[in-house]
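My notes are below, in the order I looked things up.

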Amino acid sequence: MVIVFKKLGAYMSYENIIVEKSDGIITVSLNRPDALNALNDQLMDELLLEVDNYEKDESLRCMILTGSEKAFAAGADIKQMQPKTYMDVYKEDFITRNWERVASCRKPIIAAVSGYALGGGCELAMMCDFILASENAKFGQPEINLGVSPGAGGSQRLTRFIGKSKSMDMCLTGRMMDADEAERSGLVSRVFSSENFLNDVMEVAKAISDKSMIATMMTKEMVNRSYETTLSEGIRFERRLFHSMFATEDKKEGMSAFIEKRKADFKDK
């Protein structure tokens with residue numbers, strides 16, 4: 001299936017993702033149903049392009065990354081990986097070249113997970129800013145069953161989210177974690193009913209898109225910095241960005257609206 005849409009005067013053709021836009025929210029659906037949305041190079045290249053487009057388009061304020069009801073993504077495409085050698089993956093900078101673009105996006109990305117998010121699928125979800133799960137979601141890092149390890153951040157991001165003991169359990173046994181356990185463990189932010197899942201996710205995205213994009217982007221940067229530095233340096237970084245917001249029109253509008261008991265009309269300035 002080829003999905004065609006118009007972007008900045010040119011037509012883009014996607015075979016592995018579906019892109020929908022409404023009221024400042026972009027929904028990108030992984031679309032390889034015959035392979036449970038297994039992540040191959042073509043799909044990830046298409047996703048990279050769309051993340052680039054999203055970041056550049058000032059009318060778009062939040063992205064939802066999702067799959068199907070049956071699978072967010074059941075992993076990286078093993079058929080594509082199986083013949084690769086060490087020199088192949090090293091030369092092409094496998095995974096780093098395109099996957100990490102999701103993690104580096106400055107605007108917010110929500111992972112909306114139904115069904116299986118295994119291996120690369122779990123890792124891709126963790127590259128997003130937070131995960132909202134349907135009650136039928138299942139997470140796992142089963143790479144050990146293939147004679148390899150996680151390779152798209154699973155051993156690192158998963159450990160930061162759920163701790164060493166549970167991460168070791170997941171990575172060494174290859175077992176799956178259901179949505180309730182994922183929420184208890186801190187991997188998932190919230191669990192919603194499968195019946196109205198995407199509608200519930202859309203409400204969360206709308207809540208984000210209503211805010212000042214300047215404040216949203218700076219806040220995202222602050223939280224991400226907390227994983228990269230000490231507490232004192234992280235607080236210093238937060239304080240500097242917080243102070244800088246006092247130079248924005250959105251700060252004036254937001255505080256004035258609060259005092260005047262009305263909804264703020266942010267201009268992202």
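These entries go from the whole chain to the core, then to the pockets, the cavity and one methionine.

**Entry 1: whole chain**

I'm working from a predicted model, so I keep that in mind throughout. I started with the secondary structure and got twelve helices and twelve strands in the protein chain. Next I checked the extent: the C-alpha trace spans about 60 × 45 × 40 Å along its principal axes. Does the radius of gyration agree or disagree with a compact globule? It agrees, because a compact globule of 269 residues would have a value near 18 Å and the protein chain has 19 Å. I also noted that 44% of the 269 residues count as buried. For contacts with a separation of 6 or more, I found that 64% are between residues 24 or more positions apart.

**Entry 2: nonpolar core**

I looked up the largest nonpolar core, and it has 47 residues. Which of its members touch the most other members? Those are Leu65, Val113, Leu124, Ile131, Phe139 and Leu187. There is another core apart from this one, made of twelve residues, and I jotted down Ile64, Ile110, Val204 and Ala205 among them.

Leaving out residues up to four places away in sequence, Ile131 touches Ala111, Val113, Ala125, Met126, Phe139, Leu187, Val188, Ser189 and Arg190.

**Entry 3: largest pocket**

I got about 1,000 Å³ of space for the largest pocket. It is lined by 32 residues, and the closest to its centre are Cys128, Asp129, Lys220, Val223 and Asn224. Which elements give two or more residues to this lining? I listed helix H4 (101-104), helix H5 (120-127), strand S9 (130-134), helix H6 (154-162) and helix H10 (213-225). H10 gives the largest share, with eight residues. Sorting the lining of the largest pocket by class, I have 16 nonpolar, seven polar and nine charged residues.

**Entry 4: second largest pocket**

The second largest pocket holds about 480 Å³ of space. I found 20 residues lining it, and Ala76, Met81, Glu143, Val148 and Ser149 are the closest to its centre. Helix H2 (78-81) and H5 each put at least two residues into this lining. By class, the lining of the second largest pocket comes out as twelve nonpolar, six polar and two charged residues.

**Entry 5: cavity**

The largest cavity has a volume of about 30 Å³. What lines it? I wrote down Leu39, Asn40, Asp41, Ala76, Asp77, Gln80, Met81, Phe94 and Trp99. They divide into five nonpolar, two polar and two charged residues.

**Entry 6: Met222**

My last stop was Met222, which is in helix H10. Is Met222 buried or exposed? Its relative accessible area is 15%, and the cut-off for buried is under 20%, so Met222 counts as buried. Not counting residues up to four places away in sequence, Met222 touches Phe237, Glu238, Leu241, Phe242 and Met245. I also took the C-alpha separation of Met222 and Leu241: they are 19 residues apart along the chain, and 8.0 Å apart in the model.

Methods: Residues are numbered from 1 along each chain as its sequence is written. This is a predicted model: local features need pLDDT of at least 70, side-chain atom pairs count only at pLDDT 80 or more; totals for chains, interfaces and linings use all residues. Side-chain values use heavy atoms; hydrogens and water are left out. A nonpolar core is a set of buried Ala, Val, Leu, Ile, Met, Phe, Trp, Tyr and Cys residues joined through side-chain atoms within 4.5 Å. Buried means under 20% relative accessible area, exposed over 50%, partly exposed in between (1.4 Å probe, protein chains only). Contact means heavy atoms within 4.5 Å. On a 1 Å grid over the protein atoms alone, a cavity is a set of points where a 1.4 Å probe fits but cannot get out, and a pocket is an open set with protein on both sides within 12 Å along at least five of seven lines; lining residues have an atom within 4 Å of a point. Grid points are joined across faces, edges and corners, and a volume is the space filled by probe spheres set on the points. Helices (H or I, at least four residues) and strands (E, at least two) are DSSP runs, numbered from the N terminus. Ala, Val, Leu, Ile, Met, Phe, Trp, Tyr, Cys and Pro count as nonpolar, Asp, Glu, Lys and Arg as charged, and the others, Gly among them, as polar. The radius of gyration is taken over C-alpha atoms; the globule rule is 2.2 Å times the number of residues to the power 0.38.
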